[in-house]
Amino acid sequence: MPSVSFPPPLRPGRRGLAPLLAALACPAVARAQQAATLPGTTQHDLDSASGQPFRVFLHVPDGAPPPGGWPLVTVLDANAVMGLVVDTLRLLAFLPREAGIRSAAVVAGIGYRSEGPYDLARRSYDLTPPPQRELPAAEGRPARRIGGADALLDFIEAVAKPLAARAAPVDATRQALLGHSLGGLCTLHALFTRPKAFSGYVAGSPSIWWQEGAILAEAGRFAARADRPAGRRLLLTVGGHEQAPAPWHDPAWGPRMAAIRMVDNAREMADRLRPLPGLEVDFALLPGEGHMSAFPQAVQRGLRFLLAG
């Protein structure tokens, strides 16, 4: 399978051609222009059972695995953050005892066959809980499908996890899911509806407000289950500037930010779940961070949370 690469951009016009012509004339410069790669990482274009196309980014650490196999961390929105996740993991694993982790991990990043960081139409469907339905166009936004999270989680179980297990020894008891925003919502949905699929969950800035807070009903059903497995761990994170505008935000965003209650919703979800037996819950407010800047912080804290125990 091809390795993940990041080719240098080519600009049109004479000025854009000049560096290329110089590189062709100088082999040393030409070698310097080769694409960079993400160490230990390959990409795989695979389809779900229903024919939906995905791109799975798979990272396998260097060295010998732990006796029980590597932990497996599945990451959503991988086009945007696979590089961040892998580099953070490599940095932490360089001195694991200093970083507070037991080992590195295999990472399966779930993404799409596109070059941009996000495929907004696909993630609106793949990362949102059922029911499946169409949202009409509104406020300049085109119509879109929602409610496909179960199909995505089925793809992870049937395709992504077996791919990782074929590539390296994987510890079936230490498997985790990490997502942000709608990905954080999908992560909570996975915990509430299929808690045996993963042992660790990181829900960064979860969109608990989605569909008038429908995920709260799922949380209630999860709390009432008599068959909840023990040994599950959940980290909820949210940026300190996700409920009221930061100095750099447009003040017009204020009413919308207040209405969706990102900070309060995440904190209240943690408080609601913390008393449940068999579930370890941690909550982290990330000072000085907005919705997007909180994602890298959630990755760093999430990896340490998942790999420390």
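At what angle do the axes of helix H6 and helix H7 cross? I started my notes there, working on a predicted model.

**Helix pair**

I describe two packed helices by the angle between their axes and the distance between the axes. For H6 (residues 149-167) and H7 (residues 182-193), I found a crossing at roughly 75°. The two axes come within 11 Å. An angle of 65 to 115 degrees counts as roughly perpendicular, so H6 is roughly perpendicular to H7.

I then listed who makes the contact. H6 contributes Ala 149, Asp 150, Leu 152 and Leu 153. H7 contributes Cys 186, His 189 and Ala 190. I sorted the residues of this contact by type and got 5 nonpolar, 1 polar and 1 charged.

**Leu 185**

Next I picked a residue of helix H7, Leu 185. Is Leu 185 buried or exposed? I noted a relative accessible area of 1%. Buried means under 20%, so Leu 185 is buried.

Which residues does Leu 185 touch, not counting those up to four places away in sequence? I wrote down Leu 127, Pro 129, Pro 206, Ser 207, Ile 208, Trp 210 and Ile 215. I checked one of these partners, Ile 208, by C-alpha distance as well. Leu 185 and Ile 208 lie 23 residues apart along the chain, and their C-alpha atoms are separated by 6.3 Å.

**Cavity**

Rolling a probe the size of a water molecule over the atoms shows where empty space is left. I searched the whole structure and found 1 cavity of 30 Å³ or more. I put the volume of the largest cavity at about 40 Å³.

Which residues line the largest cavity? I have Leu 76, Asp 77, Ile 110, Tyr 112, Leu 127 and Leu 152. The lining divides into 5 nonpolar, no polar and 1 charged.

Which helices each supply at least two residues of the pocket lining? I noted H5 (120-126) and H10 (254-260).

Note on methods
Residues numbered from 1 in each chain as written. Predicted model: local features only at pLDDT ≥ 70, side-chain atom pairs only at ≥ 80, totals over all residues. Heavy atoms only, no water. Axes fitted to C-alpha atoms, helices over the stretch in contact; angles between N-to-C directions. Helix = DSSP H or I, 4+ residues; strand = E, 2+ residues; numbered from the N terminus. Parallel < 35°, antiparallel > 145°, perpendicular 65-115°, else oblique. Contact = heavy atoms within 4.5 Å. Nonpolar A, V, L, I, M, F, W, Y, C, P; charged D, E, K, R; others polar. 1 Å grid on protein atoms, 1.4 Å probe; cavity = no way out; pocket = protein on both sides within 12 Å on 5 of 7 lines; lining within 4 Å. Points joined across faces, edges and corners; volume = space filled by probe spheres on them. Buried < 20%, exposed > 50% of the residue type's maximum accessible area, 1.4 Å probe, protein only.
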